[in-house]
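Q: Please take a close look at one part of this structure. Then set that part in its wider surroundings.

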Amino acid sequence: MRFRRDRWAMASLVFIGLLVILAFAAPLIATISGHGPNELFRDMTDDFGLPKGPNGSFWFGADGSGRDVLVRIAYGARVSLIVGVVATGVAVLIGVTLGLIAGYRGGVIDTLISRTADIVLSLPLLLFAIGIVTACGSSREGCFGGTVQPGLTLVIIVIALFSWPYVAKIVRGAVLSLREREFVEASRSVGAGDLTIMFREILPNLVSVIIVYASLLVPQNILFEAYLSFLGLGVPDSTPSWGRMISDASDIFDVAWWLMLFPGIFLLLTVLAFNLLGDGLRDALDPKADR
Amino acid sequence: MGRYIIRRLLWTVLVVVLVTLLTFVIFFVMPKGDPALRFAGKSPTPELIQEVKESLGLDKSVPEQYGLFLERLVTGDEYGWPGLGKSFQTKQAVKPELVQRAQVTITLIIGGALLWLAIGIPVGVISALRRGSALDRISMGTALFFVSAPVFWLGLLSLYVFWKKLGWLPGTGYVSFGSDPGAWFSHMILPWMVLALLFAAIYARVVRGNMIDVMTEDYIRTARAKGLSERRIVLKHELRTGITPVITLLAIDLGVLVGGTIVTETVFNLQGLGNWLLVAAQNNDLPVTLAVTVLVAIAVSLFSLIADILYAILDPRVRYQ
Amino acid sequence: MSTESPAPAANGVEPLVAVRNLVKRFPITRGILFQRQIGAVHAVEDLSLSIAPGETLGLVGESGCGKSTTARLMARLLEPTSGSIHFEGEDITHLAGRAMQHVRRRVQIVFQDPYASLNPRQSVGQIIGAPLRIHHVEGDRRKRVQELMEQTGLNPEHYNRYPHEFSGGQRQRIGIARALALNPSLIVCDEPVSALDVSIQAQIVSLLTDLQREHSLTYLFISHDLGVVRHVSDRVAVMYLGRLVELTDRDTLYENPRHPYTAALISAVPHGTGSSGRRRIVLQGDVPSPANPPAGCPFHPRCPKARIISGDPAVVPERCATEVPQAAEITPGHQVACWYPLEPGDDLIAAAEAMAPETVEQAEEAATA
Amino acid sequence: MSDVLLEVRDLRVHFPTADGVVKAVDGVSFTVERGHTLGVVGESGSGKSITFLTVMGLINRKSAIVSGEVLFEGRNLLEATNDELRHIRGDRIGMIFQDPMTSMHPMYRVGDQIAEAILAHRSVSKGDARARAVEALRLVGIPAPEQRARQYPHEFSGGMRQRAMIAMALVLDPDLLIADEPTTALDVTVQAQILEVIDELKQRLNIGVALISHSLATVADVSQDVMVMYAGRPIEQGTRDQVFTAPLHPYALGLLSSVPRVDRRVERLVPIEGSPPSLIHVPSGCAFHPRCPYRFAPCDTERPDLRDRGGGHADACHLSVDQKAANRRERLDMQEPVA
C-alpha cells in the first residue's frame with residue numbers, strides 16, 4: 001500500500017507498461033509507417049552518406065544506412081526488455097538456489113559458493129564478457145559444440161553469468177539471519193526436514209528481498225547489454241539494439257544528433273524507470289530501508 | 001596482522017591463477033577455429049601456419065602453454081620480469097606498452113575518484129542531514145539520473161555540447177602530462193567528469209543511507225545527552241561511522257576499474273588498458289589479454305587487502321577480532 | 001561424583017528424561033578459504049540431571065551459563081559433543097531418521113521470542129498445523145488446530161490470521177499451541193515469558209501451569225527470572241558458565257542455598273517488598289566469557305566464600321583455583337558443585353563487600369591465562 | 001535552595017502519524033527531589049521513556065507536539081533554545097540508557113568519550129579532561145581505570161560499559177541523573193552492582209535520580225518516590241512504602257499480585273487480563289478499564305483524574321478508597337504464601 005502512494009514508482013510502472021506495448025507493437029509501427037527495421041531508404045541519406053534528420057514520415061530521423069530510427073527504437077525495446085528480464089530471471093534462479101544452499105548448509109559448500117561469487121564479482125566483467133562474446137561470436141558455429149550461438153542467447157547467458165553473485169550474496173546473507181530465527185528451530189523441533197525448512201519456512205521470507213533485488217538488477221542488466229552492444233559485442237547488427245544505435249551514432253554525432261539523442265533517451269528513461277520501481281518496491285517491502 | 005596479510009596475499013596468488021586459467025579457457029578452448037590462422041596473413045599455406053604456430057608457441061598443447069605462461073610470469077622472459085611475452089598482433093613486447101597504457105588508465109581512475117569522492121560524500125552527507133527537504137530530493141533525483149544514464153551516452157552528449165557546440169574543449173585522445181600539462185588537463189576533464197558522475201551518484205546514495213542508519217544509533221543519542229554541539233555530533237560521531245564503509249567500496253571500485261574503464265576509454269579515444277584489451281580480445285591477441293587480466297586480478301585483490309587493513313585501522317572492533 | 005548413573009529424579013521415580021555428562025562445545029573458527037578451529041565456546045560442560053514425569057524442573061542462570069544450549073540439546077536441536085540423553089528409558093543422544101521423528105512427537109519446545117519463533121509468512125492455522133502435517137496426523141486438522149487455539153486461550157476464528165496481527169502474549173499462546181499439537185510428554189520452555197510485558201507474563205505462566213495439570217506434562221522451565229522459576233518449579237537447577245552448580249527442591253534452594261553463587265544470585269534479585277535497608281550480596285566482576293572459562297571452579301574469581309576460606313579478600317584457596325568441583329549430593333536430593341559449600345554463619349555480604357574489583361579481575365586473569 | 005530539582009507539570013507529547021496521533025505522553029506531572037530517587041514504572045508503551053527524553057530535549061521537536069512545563073531549577077526547559085538545552089544536558093542533567101552495548105560510540109576510546117563530555121562544557125585542557133575521565137571511571141568502581149580509559153567499548157563487559165556510562169553521565173557533577181532502564185540488559189548479579197553504584201553515588205554526590213524501569217521490584221528496592229504509568233499517564237503516585245504496601249489503583253494492585261516473587265511463593269498468580277492498549281486508540285474513559293476486574297458505570301466514559309488520597313498518595317481511579325482496601329484484602333487472601 002505504501003507502494004501505491006509512491007507517485008514516482010507508479011509513474012515508472014506506467015512508463016514500463018507503455019514500453020512493453022511499444023515493444024509488442026514494433027511490427028505494427030513498421031507496418032503503419034511502411035518502414036521495416038532493416039529497410040534502407042536512399043532518400044534519407046545525402047550525397048556524402050550522412051543521414052537526414054526527423055521529418056514528417058521519419059519522426060526520429062534516419063541512421064547512417066538510411067533506416068528509420070523510430071522503428072528501430074521500437075524493435076530495440078524488445079532486445080532491452082528481453083535481455084533485462086530474461087537475464088535477470090536466470091541470474092535470480094541461479095543466485096537464489098546457490099545462495100539458499102550456501103546460507104543454509106554452510107561449511108565447505110558455503111565457502112565454495114561464496115568464494116566463487118567473490119571471484120566473479122571481482123572480475124572485470126566487461127573483460128570476460130568481451131572474451132566470451134568474441135570467443136563464441138567469432139564464427140558461425142558458436143562455442144561449446146554449437147550449443148551457444150552468437151546473438152541474443154549468448155548475451156543473456158553472459159549477463160546472467162556475471163549477475164548471479166549479487167543475488168546469491170544477498171540471499172545467503174538473508175538466509176544466514178533467517179536460519180538463526182527461532183521459527184526455523186521450531187520447525188525442526190517438530191520434525192521438519194531440510195527441504196521443508198528451506199522451501200516452506202525460509203524461501204517465503206525471501207520473496208520480498210528477491211523481488212526488490214531482481215527489480216534493481218533489471219536496469220543494471222539492460223545497461224550491461226547496452227554496453228556490450230555499444231562495444232560491438234552484443235546482438236548482431238540486423239537486430240536493432242539501443243546500445244548499438246548509439247555506437248553507430250558515435251562517429252557522426254556532431255551532424256546527426258537525433259541518432260544519439262533518441263535511443264539514449266529511451267535507454268535512460270527505461271533504466272531510470274526500473275530503478276525508480278526498484279527503489280519504490282524496496283521502500284514498500286522493507287520498512288527498515290525507509291530512506 | 002602479519003599472518004593475515006600473508007594469507008591474503010596467498011589468496012591473491014590463487015585468484016590470479018584462477019583468473020588466468022579462466023582467460024585461457026575462454027580464449028583458447030572455447031572458440032572454434034585456429035588462432036594461428038588469423039596471424040598467418042591473407043593466403044595461409046600449411047607451412048606458414050606451422051611457422052606462425054611455432055613462433056607464437058601455439059604448437060604446444062593448451063595445458064603446456066598455460067604452464068609455460070605461468071612459468072614465464074614467475075621467472076621472467078627475454079623482456080625481463082615479469083614475463084608477459086610479446087603481442088601476437090604487433091610482435092612487440094607487451095610490458096612496455098602495458099606500463100604506458102596503465103598510466104593513461106590510472107590517470108583516468110585517480111582523477112575520477114578524487115572528483116567522485118569530492119562530490120559524492122558531501123552530497124550524501126548533506127542529503128542525509130536535510131532528509132526529506134527539497135535539496136535532498138533534488139540531489140537524490142539527480143543521483144538516480146546519473147546511476148541510470150549510460151556512461152557512453154553521457155560521454156558522447158558531453159563531447160557534443162562542450163567540444164562540438166561550445167568549443168570549450170579541444171577534443172578526444174590522450175596528451176601526456178609531460179608534453180603539455182594544459183592539454184593533458186583539457187583532454188582529461190570530460191572523461192573524469194563522466195566517470196565521476198556515475199560513481200558520485202552511487203556514493204552519494206550509499207553515504208546517505210549509511211548516515212541515516214547511523215543517526216538512529218543509540219550512541220548518537222548518548223552524544224546528544226552529553227550536551228555536544230550538533231556540529232560535533234555530525235562531524236565526529238556520525239561521519240566516522242557513516243563514511244568508514246566507503247573505504248571498502250572505494251577500494252573494490254578502484255581495483256575493478258583498472259580493467260573496467262573500457263567504455264569511457266572508447267568514447268574519449270583514450271589509449272588505456274581498457275581500449276587495448278578490447279582490441280586485443282577481438283583479435284585473439286592472447287598475451288595482451290592475459291597481461292591485462294593478470295594486472296586487473298592483482299589490482300582487485302591488493303586494493304581489497306588495503307581496504308581491509310584500512311578498515312581495521314579505522315574500526316577498532318575489527319582490529320581485535 | 002555422580003558420573004556413573006543419571007542423577008535420580010525426585011522420589012527415585014524412573015525419570016522421563018535423564019542427561020548424563022552432557023557436553024556441548026561450539027568451535028570458534030577462523031580462516032579465509034579453509035576454516036580452522038582456534039578455540040571453543042564451552043556452552044555446556046559435564047551436565048547431569050534428570051526430570052521425573054509430571055515434574056517441572058526449573059533451570060536458572062545468567063547469560064552465557066548454557067541454559068539455552070541445554071534446552072536445545074534436550075530438544076535435540078543441537079548435537080551434543082559428548083554425553084548422553086535418555087528419554088523414556090531410550091538413548092536418544094544420536095538418534096536419527098524415523099526413530100528420531102517418534103521422539104520429536106514426544107518432546108516439544110516453547111521459545112523465548114514470540115516474534116522470531118513464528119514464521120511471519122504463515123497463518124496461525126499453518127503454524128499450529130505444521131506438526132500435524134509433518135507427522136501425517138489423521139483426521140480433521142483444522143478442527144484439531146482450532147481446539148488447540150481454544151485450549152490456549154486464542155479465538156479459533158482467528159485461524160487464518162497472520163502473526164503480526166497478534167500481540168506478544170497472544171503470539172506466545174500460538175507457540176504453546178504448536179508445542180501441544182502432537183500431545184508431547186516433555187515441553188522445554190526456553191525463557192517463555194522473558195520477552196513479554198510484565199502484565200502479560202502472569203497470563204502465560206498461569207496458562208502453562210494449567211496446561212501441565214490438564215495434560216500431565218513435564219516441563220524443563222528455563223529462565224533468568226528467579227521469581228518465575230520459584231513459582232513454577234518443583235526442583236530448581238542453577239547453572240554457571242556451562243556447569244551445574246546446584247540442584248535441589250524449590251524451597252530448599254531459595255531458603256537454604258548451599259552454593260555461594262546461588263546465594264548471591266538470589267540475593268541480587270530485587271525483592272520488591274518496598275522495605276528499605278535490605279543488604280544484598282553484591283558480586284564483583286562480570287560473568288566470564290564461556291569461550292575462555294576460568295580454570296578450576298568457574299566461579300572462584302568472583303566467589304566470596306572462597307575468600308572466607310582463605311581469610312584474605314585477595315586470595316583464593318588453591319583447590320578452588322585448580323580443581324573443578326563436581327556436583328555431589330550433600331544431603332539427599334541436594335546436589336552442590338562446590339569445594340566449600342555454605343555453612344550457617346557464613347557472612348557472604350561482608351565477604352563480598354571486602355572484595356575489591358581489582359582482585360576479582362586479577363583472579364580471573366590468572367585463571368584464564 | 002529548595003530541594004525540588006525537577007518539576008514536570010501536565011506534560012503532553014503527541015506524535016502525529018499517518019495512522020493517527022500517538023499520544024505517547026498525555027498529562028504527566030511529578031517532581032524529583034535532591035537526594036531522592038523517583039522510580040517510574042510502566043510497561044512498554046506506557047510513555048515512561050518518552051517523558052524523560054522530552055525532559056532532556058532528546059526527542060525530535062519537529063515530529064512531536066509538546067505541551068506543559070518542564071521546570072528544572074525553576075527554568076522551563078520546553079521554552080529553552082537548543083543551545084541552552086545543550087548546556088544543561090551532560091552538565092546539569094546526566095542520562096544513561098538501557099543498552100550499554102550500543103550506547104557508546106564503537107570507534108572511540110572510552111576515556112576519550114568521557115573526556116569529550118567535559119570538553120563540551122568546561123574550558124580545560126585535553127590532558128585535564130582525560131585525567132578527570134580516569135577519576136570518574138575510578139569513582140564508579142572500574143579497576144585499573146588508567147588502562148581502561150584507553151580501551152574501546154567492545155573491550156568492556158556489559159556491566160563495565162554501564163559503569164562507564166554512569167561515569168560519563170556524572171563526570172561534571174550534575175544535579176540530576178536520569179537512568180532509563182539501566183539494568184534491563186544486564187545479568188542479575190551485575191544489575192545489583194549497577195543499582196548499588198547509582199544508589200551510592202546518589203548519596204555521596206547528593207543528586208536527584210529518576211530511575212525508569214519496567215520492573216516493580218527494581219524500583220521498590222532503590223526508590224523513595226514511585227510513579228506508575230499506564231498508556232501515557234501516571235495512574236498512581238506516592239512514596240515507595242505507600243505504593244508497595246497499599247497500592248490504590250487496580251493496575252498497580254494487579255501488577256503487584258501478578259509478578260512472581262523470589263522471596264516467597266504464592267499458590268496462584270492473578271494475571272491481569274488483556275494487553276496494554278495501542279497509544280493511537282487509547283480506550284475511552286479510564287484507559288485501563290477494559291482490563292480492570294473492578295470496572296463499573298463511569299469507567300468507560302469518564303476519565304478519572306489523579307487525586308490525592310491522603311499523605312501525597314494519589315491515584316487515578318473512580319473506585320472509593322474503601323473499595324480499594326477491600327480489593328487489596330481480597331487479593332492478599334488469595335496470595336497467602338505457601339509454606
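A: The side chains of Arg240(D) and Asp241(D) meet in a salt bridge, with 3.5 Å from N to O. A salt bridge here is a side-chain nitrogen of Lys or Arg within 4 Å of a carboxyl oxygen of Asp or Glu. Buried means under 20% relative accessible area, exposed means over 50%, and partly exposed lies in between (1.4 Å probe, protein chains only).

Some ground rules come next. This is a predicted model, in which local features need pLDDT of at least 70 and side-chain atom pairs count only at pLDDT 80 or more, while totals for chains, interfaces and linings use all residues. Residues are numbered from 1 along each chain as its sequence is written, chains are lettered from A and ligands numbered from 1 in the order in which they are written, and side-chain values use heavy atoms, with hydrogens and water left out.

A further salt bridge of chain D joins Arg138(D) and Glu135(D), at 3.4 Å from N to O. Both residues sit in helix α4 (residues 126-139) of chain D, and being 3 residues apart they are separated by about one helical turn. Helices (H or I, at least four residues) and strands (E, at least two) are DSSP runs, numbered from the N terminus. Arg138(D) is partly exposed, with a relative accessible area of 39%, and Glu135(D) is partly exposed too, at 44%.

Asp10(D) has a phi near 50°, a positive value in a residue other than glycine. Asp10(D) belongs to strand β1 (residues 4-17) of chain D and is partly exposed at 37% relative accessible area. Glu73(D), again not a glycine, has a positive phi near 50°. Glu73(D) is in the loop between β4 (65-72) and β5 (75-76) of chain D, and at 36% relative accessibility it counts as partly exposed.

The contact takes 43 residues from chain C and 49 residues from chain D, where contact means heavy atoms within 4.5 Å. The size of an interface is often given as the accessible area lost when the parts come together. Between chain C and chain D the buried area is about 3900 Å², and carbon and sulfur atoms give 54% of it; buried area is the accessible area (1.4 Å probe) that two parts lose on being put together, summed over both. On the chain C side, Val198(C), His231(C) and Asp286(C) lose the most area to chain D, together 16% of what that side buries.

The rule finds 2 salt bridges across this interface. One of them links Arg280(C) to Asp221(D), with the closest N and O atoms 3.1 Å apart. The residue pairs in polar contact between chain C and chain D number 18 (both at pLDDT 80 or more). A polar contact is a pair of N or O atoms within 3.5 Å; within protein, one must be able to donate a hydrogen and the other to accept it, and residues adjacent in sequence count only if both atoms are side-chain atoms. Among the elements of chain C, α6(C) gives the most to the side that touches chain D, with 7 residues.

Over all chains, the structure holds 52 salt bridges. Another of them is inside chain C, where Asp190(C) and Arg72(C) have their closest N and O atoms 2.7 Å apart. Asp190(C) lies in strand β7 (residues 186-190) of chain C and Arg72(C) in helix α1 (residues 67-74) of chain C, so the pair ties together parts that are 118 residues apart in sequence. Asp190(C) is buried at 2% relative accessibility, and Arg72(C) is buried at 12%. A network of salt bridges links these residues with chain A: its members are Glu182(A), Glu185(A), Arg72(C) and Asp190(C).

Finally, some scores. The model has an ipTM of 0.84 and a pTM of 0.86. Chain C averages a pLDDT of 89, and 93% of its residues score at least 70; pLDDT is the predictor's confidence in each residue, from 0 to 100. Residues 1-10 of chain C have a pLDDT below 50. Where pLDDT is low, the predicted coordinates should not be read in detail.
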